[in-house]
Amino acid sequence: MGEHEDSRVEAGMSVDFQGRMSYGDYLRIDTLLSAQKPLTDQPDEPLFIVIHHVQELWISLILHELRFAMDALRADKPGVAFKALARIARIQEQLISAWDVLSTMTPSDYLTFRAALGQSSGFQSHQYRMMEMMLGAKDERMLAPHRHDAAHHGALLSVFHAPSIYDEAIALLARHGIDVPPELLSRDVTRPHRFHEGLKTAWLSVYRDTHRHFELYELAEKLVDVEDRFQQWRFRHMKTVQRIIGLKTGTGGSSGVAYLKTALDRSFFPELWELRTDL
């Protein structure tokens with residue numbers, strides 16, 4: 001038997017990367033892994049850090065896809081936006097399943113390093129806040145935790161003053177001849193969208209003639225897909241927190257589980273949910 005007979009290295013495989021870009025170079029793996037710096041020697045802190053790093057990476061991709069989808073809607077190309085919205089829904093499945101991994105950490109495990117977190121908390125994630133704002137959850141007070149970082153605060157301000165993806169969808173409806181209440185086309189986009197009966201009627205006209213308005217109908221369902229999974233993510237977050245800390249106050253000073261529950265009653269696209277009763 002030859003010395004290298006059992007080797008899985010094939011003749012054409014590149015193995016010499018002196019002066020050439022390798023897999024690790026391209027992905028900057030060393031930089032990525034160097035960000036995982038536990039503040040304690042407790043065995044469960046790395047899990048906590050990795051889960052949140054993974055979620056931030058997935059959210060960064062959601063933001064990329066949201067921008068692409070919104071650009072497509074502004075360009076009157078809803079079909080182009082569908083792929084991005086479908087990808088967002090798949091990414092959200094990964095975000096939801098991440099809570100299952102974190103749930104393997106018991107209350108006792110978490111208490112061994114919780115004090116090291118200080119006042120840091122998930123609601124301070126600038127990427128999460130940007131994602132919410134792009135979906136329509138505008139709240140000027142939520143900009144405050146980011147004032148200490150000029151770059152993050154500036155990026156959030158830009159999104160805060162820009163239309164949400166739902167604003168873009170509503171404008172698209174009007175451009176496609178759907179009777180949209182005019183006040184919704186010139187509204188203050190720094191305010192959260194509130195349920196509007198006239199807009200529900202506009203979407204109903206799409207759902208009642210799907211053959212004629214199929215692209216708009218598919219856009220609506222893609223938006224519902226995204227919000228559905230977003231609410232599943234919120235619910236799993238809330239239940240994971242409840243499982244680990246019960247009803248304790250959050251590290252950032254929030255009411256914890258009670259605070260997370262309030263988000264479950266809020267909808268980005270309320271008309272798309274309400275119209276189902278009327279069909």
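Student: Leaving aside its neighbours within four places in sequence, which residues is Glu 132 in contact with?

Tutor: In this predicted model, once the neighbours within four places in sequence are set aside, Glu 132 is in contact with Ala 137, Phe 230, Arg 234 and Phe 268.

Student: And where does Glu 132 lie?

Tutor: Glu 132 lies in helix α6, which covers residues 126-135.

Student: Buried or exposed, that Glu 132?

Tutor: Glu 132 has a relative accessible area of 8%, and because the cut-off for buried is under 20%, Glu 132 counts as buried.

Student: What about the rest of α6, how many of its residues are buried?

Tutor: Nine of the ten are buried, so α6 is largely enclosed by the rest of the structure. The buried set consists of Gln 127, Tyr 128, Arg 129, Met 130, Met 131, Glu 132, Met 133, Met 134 and Leu 135.

Student: Which helices do the buried residues of α6 pack against?

Tutor: They pack against four helices, namely α3 (45-74), α7 (150-160), α8 (165-175) and α11 (214-245).

Student: Take α11, then. At what angle do α6 and α11 pack, and how far apart are the axes?

Tutor: The angle between α6 and α11 is about 145°, and their axes are 13 Å apart, while the crossing of the two helices is left-handed. Those two quantities, the angle between the axes and the distance between them, are how two packed helices are described.

Student: Which residues of α6 and α11 meet there?

Tutor: From α6 there are Tyr 128, Met 131, Glu 132 and Leu 135, and these meet Val 226, Phe 230, Trp 233 and Arg 234 of α11. Sorted by class, the residues of this contact come to six nonpolar, no polar and two charged.

Student: Now α3 against α6: how do the axes cross?

Tutor: The axes of α3 and α6 come within 9 Å and cross at roughly 30°, which makes α3 roughly parallel to α6. The crossing in which α3 passes α6 is left-handed.

Student: And which residues make that contact?

Tutor: On the α3 side they are Glu 56, Ile 59, Ser 60, Ile 62, Leu 63, Leu 66, Arg 67 and Met 70, and on the α6 side Gln 127, Tyr 128, Met 130, Met 131, Met 134 and Leu 135. The contact of α3 with α6 has ten nonpolar, two polar and two charged residues by class.

Student: Switching to α8: how many of its residues are buried?

Tutor: Eight of the eleven residues of α8 are buried, so α8 too is largely enclosed by the rest of the structure. These are Ile 165, Tyr 166, Asp 167, Glu 168, Ala 169, Ile 170, Leu 172 and Leu 173. After α8 comes Gly 177, with a positive phi near 85°.

Student: Which residues other than glycine have a positive phi?

Tutor: Among them are Arg 28, whose phi is about 50°, and Asp 76, whose phi is near 60°. Arg 28 is in the loop between α1 (23-27) and α2 (29-34), whereas Asp 76 is in the loop between α3 and α4 (78-102).

Student: Exposed or buried, those two?

Tutor: Arg 28 has 60% relative accessibility and counts as exposed, while Asp 76, at 38%, counts as partly exposed.

Student: Asp 188 next. Where is it?

Tutor: Asp 188 is in the loop between α9 (182-185) and α10 (197-207), and at 44% relative accessibility Asp 188 counts as partly exposed.

Student: Zooming out, what does the secondary structure come to?

Tutor: The protein has 13 helices and zero strands, and its C-alpha atoms fill a box of roughly 75 × 55 × 35 Å along the principal axes.

Student: What share of the residues count as buried, and what area is exposed?

Tutor: Of the 279 residues, 39% count as buried, and the protein exposes about 15900 Å², with carbon and sulfur atoms supplying 53% of that area. Among the contacts with a separation of 6 or more, 72% come from residues 24 or more positions apart.

Notes. Residues numbered from 1 in each chain as written. Predicted model: local features only at pLDDT ≥ 70, side-chain atom pairs only at ≥ 80, totals over all residues. Heavy atoms only, no water. Buried < 20%, exposed > 50% of the residue type's maximum accessible area, 1.4 Å probe, protein only. Contact = heavy atoms within 4.5 Å. Axes fitted to C-alpha atoms, helices over the stretch in contact; angles between N-to-C directions. Left-handed = near helix turned anticlockwise from the far one by under 90°. Nonpolar A, V, L, I, M, F, W, Y, C, P; charged D, E, K, R; others polar. Parallel < 35°, antiparallel > 145°, perpendicular 65-115°, else oblique. Areas by Shrake-Rupley, 256 points an atom, 1.4 Å probe, with all protein chains shown as cover.
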